[in-house]
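Please examine the structure below. The questions that follow ask on what grounds its features carry the names they do.

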Amino acid sequence: MDYQKLAADILKNVGGKENINTAWHCATRVRFKLNDEKKANTRDIENLNGVITVVQSAGQYQVVIGNSVGQVFDQIAEQAGLENKNDAITEDTGKKENLINRFIAFISGTFTPFLGAMAGAGILKGLLALFVALNWLTTTSGAYQIWYAAGDALFNFLPIFLAFTAAKRLKVNQFVAVALAAALVYPAMVTVATKSLTLHFFGIPVIPTTYTSSVIPILLAVWVLSYLQPVLDKIFPDAVRNIFTPLFSLMIMVPLTLIVVGPIGSGISNILAEAVSGLYNFAPIIAGIVMGAFWQVFVIFGVHWTFVPVMMNNIAKMGYDPLLPILSAAVLSQAGAALGIFLKTKDKKQKALAGSGVVTGIFGITEPIIYGLTLKMKRPFICAVISGGIGGAIIGLFQAHASSFTLPSLLALPTYLGKGFDGVLIGITVAFFLAATLTYFFGFSKETTTIEEKEDNKIIAPVDGIIIPLKTVHDEVFSSEAMGKGIAIVPDKGNLKAPVNGTISAVYPTGHAIGLISDQGAEILLHIGIDTVKLNGKNFETLVKKEQHVSVGENLVSFDLEKIKSAGYDPTVMMIITNSKDYEVITTTETAAKSNWLLELKQK
């Protein structure tokens with residue numbers, strides 16, 4: 001894939017760099033906050049080679065790329081001159097979105113930059129628990145302690161990481177925010193909290209609270225800082241602002257957080273943890289059904305980010321999270337649906353995407369499956385939803401827990417060791433194979449199967465009319481088959497349609513000819529009339545453009561059949577397979593109006 005070209009095409013079609021307010025990327029998507037989404041050419045972006053789809057959700061314009069998103073985003077950041085390659089921000093337009101979209105965008109932008117590192121660290125902690133259970137390591141060994149430090153450090157000092165990314169999102173001095181977070185997890189302050197000692201700040205008692213691994217307190221603190229910093233910037237002149245604003249920010253925010261903001265955040269954390277625990281304990285099977293079935297629906301609408309701080313907060317407050325194992329059933333069900341598609345489909349492009357989707361899906365990346373396959377085909381998505389709900393119900397029944405945060409996937413299994421682990425194994429196995437089975441037998445409608453058979457090796461008529469052998473055409477270039485084998489049709493109507501699913505490779509300015517490449521690789525030339533190039537586009541209207549992806553039966557060119565005849569031109573339409581040397585070309589003898597196909601191609 002040419003990442004540089006793809007990035008340039010995306011940049012052009014989102015309205016150029018001047019239309020970008022914010023840009024960043026997650027595991028599969030380039031996420032934009034555009035100044036004006038109406039300026040983006042969504043259909044053109046979706047037709048780009050390398051783009052799976054475009055999602056407009058939660059105030060974000062999301063271009064789904066898949067596993068190559070990092071390389072594509074690097075090129076976008078470089079070509080657009082964005083600030084950096086992780087979270088690039090340009091000027092703020094001052095446009096206010098609704099509160100929910102702003103909150104989701106904030107949470108997404110805060111957690112996304114280090115989500116991969118956090119997932120890796122979580123898996124490492126899970127593997128260490130597995131190694132100890134198998135007696136491969138002891139908790140007192142040097143290897144265990146070093147690896148445990150590597151896995152636990154990010155979670156122990158989580159407020160520092162959150163402060164850095166949250167400050168970036170809220171446009172606050174990042175290093176002041178990090179210093180504030182570091183004060184909360186400073187060893188002396190941690191000791192005071194663990195021993196339940198009470199400090200006094202000028203007579204005001206400081207409630208002893210431990211902030212290591214916490215989420216909500218630091219997010220609230222940085223949010224308050226985002227209001228204090230502009231006030232201090234206005235108070236101090238330019239000559240001393242760079243020193244005095246950080247100075248007074250720390251002098252005010254550290255005690256304010258320890259006395260007021262932190263305890264409020266900790267109280268919210270406790271309430272959330274108790275609420276989730278209470279609801280889960282009350283009806284774990286229902287929780288499993290709902291989260292297992294609808295988690296990928298939440299992903300589609302972008303609201304899944306609201307659960308991330310909740311799940312991390314559960315681990316910080318309770319030492320475990322009951323939701324993450326259930327989500328693995330939802331993820332594995334999509335991978336199972338991809339396997340069902342892979343086994344059933346005859347479409348080479350679908351089969352390739354489904355095959356890679358199975359692999360990426362079991363490792364937690366489902367967007368290429370959802371947007372490239374299951375959601376487009378509808379039935380496989382429903383099969384995955386049903387299977388995820390059943391798998392989630394099983395996991396909920398066993399009341400499984402995750403000991404550390406990581407992306408739900410097969411790799412996360414070590415973090416589910418302990419209570420209910422057998423239920424996790426049963427649940428994800430059921431979700432995966434049930435989704436594959438349901439998709440194989442019920443995921444394909446009759447219409448879909450028929451279209452796939454046509455796509456596989458048959459090319460339908462581009463116009464209604466009477467078929468004639470190509471050798472009888474009154475043009476030696478075509479009749480000699482010098483350009484390739486094919487067929488000709490004397491048209492009844494002036495409407496040229498796509499004979500295959502494919503991409504437009506050439507659009508002639510005069511409108512009398514179209515080139516396209518089928519999704520299976522056949523190179524097709526559609527030529528309307530003989531010597532009609534001399535009409536210089538008169539009586540022709542081109543309805544597509546180069547690089548556009550078209551579906552079978554989609555209108556390509558409208559032409560005035562009677563006027564072309566009146567002007568003295570032969571209107572016969574030629575359909576040539578210009579790379580016919582790669583195929584055995586079989587032609588039909590029926591009229592185009594009655595035949596399901598005109599040409600059948602068999603790979604040599």
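**Grounds for the assignments in a predicted model**

Of the 604 residues in the protein, 53% are buried. The model is predicted, and its secondary structure comes to 21 helices and 20 strands. The C-alpha trace spans about 100 × 65 × 40 Å along its principal axes.

Q: Why is Ile 326 called buried?
A: Buried means under 20% relative accessible area. Ile 326 has a relative accessible area of 0%, so the residue is buried.

Q: What makes Ala 283 count as buried?
A: The relative accessibility of Ala 283 is 16%. The cut-off is under 20%, so a residue with this value counts as buried. Ala 283 is found in the loop between helix 11 (238–282) and helix 12. Its C-alpha atom is separated by 8.5 Å from that of Gly 396, although the two residues are 113 apart along the chain.

Q: Why is helix 14 described as largely enclosed by the rest of the structure?
A: Helix 14 has 21 residues, and 18 of them are buried; therefore the helix is largely enclosed by the rest of the structure. Ile 326 is found in this helix.

Q: Which residues does Ile 326 touch, not counting residues up to four places away in sequence?
A: A contact requires heavy atoms within 4.5 Å. Ile 326 touches Tyr 280, Ala 287, Gly 288, Met 291, Gly 292, Gly 392 and Ile 395. The C-alpha atoms of Ile 326 and Ala 287, 39 residues apart along the chain, are separated by 8.6 Å. Across the protein, 71% of contacts between residues at least 6 apart in sequence join residues at least 24 apart.

Q: What lines the largest cavity, and how is its lining divided by class?
A: A search of the whole structure finds two cavities of 30 Å³ or more, and the largest has a volume of about 100 Å³. Its lining includes Leu 184, Met 189, Val 192, Ala 193, Thr 209, Tyr 211 and Leu 258. By class the lining has 11 nonpolar, one polar and no charged residues. Helix 9 (residues 187–194) gives the largest share, three residues.

Q: What makes up the lining of the second largest cavity by class?
A: The second largest cavity has a volume of about 30 Å³. Its lining consists of Gly 292, Ala 293, Gln 296, Ala 330, Ser 333, Gln 334, Ala 384 and Val 385. Helix 12 (284–301), helix 14 (324–344) and helix 17 (379–398) each give two or more residues to this lining. By class there are four nonpolar, four polar and no charged residues. Gly is among those counted as polar.

Technical notes:
Residues are numbered from 1 along each chain as its sequence is written. This is a predicted model: local features need pLDDT of at least 70, side-chain atom pairs count only at pLDDT 80 or more; totals for chains, interfaces and linings use all residues. Side-chain values use heavy atoms; hydrogens and water are left out. On a 1 Å grid over the protein atoms alone, a cavity is a set of points where a 1.4 Å probe fits but cannot get out, and a pocket is an open set with protein on both sides within 12 Å along at least five of seven lines; lining residues have an atom within 4 Å of a point. Grid points are joined across faces, edges and corners, and a volume is the space filled by probe spheres set on the points. Helices (H or I, at least four residues) and strands (E, at least two) are DSSP runs, numbered from the N terminus. Buried means under 20% relative accessible area, exposed over 50%, partly exposed in between (1.4 Å probe, protein chains only).
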